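Work through the following exercises with the sequence and the structure side by side. Each task is followed by a solution that goes step by step.

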Amino acid sequence: MGHSVDPKNGHYIGNWGEFGCPTPQRIATYSLSPNRQRPMAGAAHAAIFNVFRRFRHQVLYVAPPFIIAYVAMNWAIERNEFLNSKPGRLLEGDNEE
């Protein structure tokens, strides 16, 4: 029960029951992360500028197909209305008998 060297680490850890560590062990410290303290910090700034940045980078990928689809659909609706009208039927040669 005397002083011995720890066979694994090679240093003295004290007598049985009084492990002589000079610094206290197992001290628990608690703190909050910045995200927990202010979860919405900068949200308004990020919302405005991120939305503008994302819109600016994606508008050329999204807008042209929508514009082309709108123009094509508008042309098709007008053409359908014309062909189903009296002047359109007369122009296409459909007789009303």
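**Exercise 1: An annotated span**

UniProt, in an unreviewed entry, places the feature "transmembrane region" at residues 59-77; such positions are given in the numbering used here, feature names are shortened, and annotations may be inferred rather than shown by experiment. The model is predicted, so local features need pLDDT of at least 70 and side-chain atom pairs count only at pLDDT 80 or more, while totals for chains, interfaces and linings use all residues. Residues are numbered from 1 along each chain as its sequence is written, and side-chain values use heavy atoms, with hydrogens and water left out.

Task: describe the secondary structure of residues 59-77 and how far apart the end C-alpha atoms lie.

Solution. Begin with the span itself, which is 100% helix and 0% strand, with its end C-alpha atoms 26 Å apart. Helices (H or I, at least four residues) and strands (E, at least two) are DSSP runs, numbered from the N terminus. Then place the span in the chain, which has 3 helices and 2 strands and follows the pattern β-β-α-α-α along the sequence.

**Exercise 2: A patch on the surface**

Task: find which residues form a nonpolar patch on the surface.

Solution. The patch consists of Tyr 61, Val 62 and Phe 66, which together have about 380 Å² of accessible area (Shrake-Rupley method, 1.4 Å probe, with only the protein chains shown counting as cover for residues). Patches are made of residues with over 30% relative accessible area and no salt bridge, where like charges are joined within 9 Å and nonpolar side chains (Val, Leu, Ile, Met, Phe, Trp, Tyr) within 5 Å. Next, look at Phe 66, which is found in helix α2 (residues 43-83) and is exposed, with a relative accessible area of 60%. Here buried means under 20%, exposed over 50%, and partly exposed in between. Finally, for the chain as a whole, buried residues make up 3% of the 97 residues.

**Exercise 3: A charged pair**

Task: identify which side chains meet in a salt bridge.

Solution. Apply the rule that a side-chain nitrogen of Lys or Arg lies within 4 Å of a carboxyl oxygen of Asp or Glu. The side chains of Glu 92 and Arg 79 meet in this way, at 3.7 Å from N to O. Because Glu 92 lies in helix α3 (residues 86-92) and Arg 79 in helix α2, the pair ties together parts that are 13 residues apart in sequence.

Notes. Buried < 20%, exposed > 50% of the residue type's maximum accessible area, 1.4 Å probe, protein only.
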